[in-house]
Amino acid sequence: MQIWGGHPLRGHVRISGAKNSALVIMAGALLCSGDCRIRNVPLLADVERMSQVLLALGVRLTRQGDILEINASEITTSKAPYELVTQLRASFFAIGPILARLGVAQMPLPGGCAIGARPVDLHVRGLQAMGAEVQIEHGICNAYVPGATGRLKGAKIYLDSPSVGATETLMMAATLADGETIIENAAREPEVADLANFCKAMGAKIYGAGTGTITIVGVPQLHSLDYTIIPDRIETGTFLVAGAITRSELTLSPVVPDHLIPVIAKLRDIGVPIIEEAPDCLRILPAETLRATDIETLPHPGFPTDMQAPFMALLTLAEGDSLINESVFENRLRHASELNRLGADIRIKGNAAFVRGVPTLSGAPVLGTDLRASAALVIAGLAASGQTTIQGLHHLDRGYDRLDMKLQQLGAKILRVGDTSPDAELLASTPPASVSL
């Protein structure tokens, strides 16, 4: 991707559906033996990979625009394909629904961005508490439910840490279990609540999603539904930061401002005016001065780790010294060295980044090392003088719905060249209807 920086943005961005909701809700469709219609599904490489996982399990799936039709009335195999699951961490979450439906599941250990250790031990211990026998051999997690019914049993589960993936896996498994399951120290992210609302729309009995304690009362089966995914809070935050760094005026909708409280608060600390135009619409105005601030990433409702890299790009141009402490993942500061290639002044010590603001950035060749790092480099490139060339777009395509096309329609000088990967072909096949000016 080539970016010629220094051009202000202007217009309206239509925010796509949440990546992290879409992936787990697609897995959740395995719980239903009827038709599931899922709306507002973003066009992402990760969504395509999850679709391939479902198809490999025997699920019928069609896509029309941003609508997915899924029918999992017949799951023909309990074993997910190794080559797909190792590319997409979220596909491992399907172990819960498959085990709940079939009483047996074989799931390869997951892949995804290399941003730190994300072990599956919390998933495994929770499933074991619900009566499953689980063994991990040769990179495969083998699980089955002993007994004549093959049905999981309700249990009280405490998570050592509020893992989003473990919370979602166990919540889905519990929807069809026999009895009541209580998950303590559960993740509170909006995407967890979105999954719970999806399951409840199918007839599940789930209480307390979005809090630290979730209670699930198992039911014998779930029914068909038509469901719309929430807007992507990380895409929203990324465009807010893009507007801030280019001193631009943008409107963004649909959004859920309550999902963005820490992001909006930090932008205001930095000096960026954010206005709630409507309950589902935000407007960002140009800042007179960008001020340094300190950030510590935390599980929701704290500052989201997925916004750390974009904010680091913004703080490279803020007046003063900023401290960013990454406390969620231990290997998520690799973008700092790439931002320094653009003229930033960032020093890393452990999981802390010390950012000293500089007057300007200048274009250079850089490499995106993970999904949000790639977005941070795009943001920095929008503000840098001259041309920035970014490699590693396969990371970007995993989590942003045609980011380059949306930025083009806002006035950015950005060009995607020489990309013949399958992900690029997939994403180029659909026009950017999700942008309006």
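The model is predicted: local features need pLDDT of at least 70, side-chain atom pairs count only at pLDDT 80 or more, and totals for chains, interfaces and linings use all residues. Residues are numbered from 1 along each chain as its sequence is written, and side-chain values use heavy atoms, with hydrogens and water left out.

Helices (H or I, at least four residues) and strands (E, at least two) are DSSP runs numbered from the N terminus. Two strands pair if DSSP finds at least two bridges between them. An open sheet is formed by three strands in the order 6-8-7, with antiparallel pairing. Its edge strands, strand 6 (104-108) and strand 7 (133-137), each pair on one side only. Direction ignored, neighbouring strands of this sheet are turned by 15 degrees against each other on average; axes are lines fitted to C-alpha atoms, for helices over the stretch in contact, and angles run from 0 to 180 degrees between N-to-C directions. Strand 7 is joined to strand 8 (residues 140-144) by five bridges, and Val 134 stands opposite Ala 143 in strand 8.

Helix 4 (residues 95-102) packs on this sheet and touches strand 6 and strand 8; its direction makes about 160 degrees with that of strand 6. Contact means heavy atoms within 4.5 Å. Because six of its eight residues are buried, helix 4 is largely enclosed by the rest of the structure. Buried means under 20% relative accessible area, exposed over 50%, and partly exposed in between (1.4 Å probe, protein chains only). The buried residues of helix 4 pack against helix 1 (19-28), strand 6, helix 5 (121-129), strand 8 and helix 6 (164-175). Just after helix 4, Gly 103 has a positive phi of about 80 degrees.

**Nonpolar cores and aromatic pairs**

A nonpolar core is a set of buried Ala, Val, Leu, Ile, Met, Phe, Trp, Tyr and Cys residues joined through side-chain atoms within 4.5 Å. The largest has 81 residues, and those touching the most other members include Leu 30 and Phe 198. Beyond four places in sequence, the contacts of Leu 30 include Pro 97 and Ile 98. A second, separate core of 68 residues includes Ile 234, Leu 290, Ala 375 and Val 378.

Rings of Phe, Tyr and Trp (its six-membered ring) pair if their centres lie within 6.5 Å; planes under 30 degrees apart count as stacked, over 60 as edge-to-face and the rest as tilted. By this rule there are two aromatic pairs.

| Pair | Centre to centre | Between planes | Class |
|---|---|---|---|
| Phe 198 and Tyr 227 | 5.6 Å | 75 degrees | edge-to-face |
| Phe 303 and Phe 311 | 5.1 Å | 90 degrees | edge-to-face |

Phe 198 and Tyr 227 are both buried, as are Phe 303 and Phe 311.

Four strands form an open sheet in the order 21-22-1-23, with mixed pairing. Strand 21 (365-367) and strand 23 (413-415) are at the edges with a single partner strand each, so one side of each lacks a neighbour in the sheet. Three bridges join strand 21 to strand 22 (residues 387-391), and these run parallel. Val 366 has Ile 390 as its bridge partner in strand 22.

Glu 338, in helix 11 (residues 335-341), is buried, with a relative accessible area of 14%. Its side chain reaches the backbone nitrogen of Leu 367 at 2.8 Å. Leaving aside neighbours within four places in sequence, Glu 338 is in contact with Val 366, Leu 367 and Leu 377.

Terms used. Polar contact = N/O pair within 3.5 Å; in protein donor to acceptor, adjacent residues only side chain to side chain.
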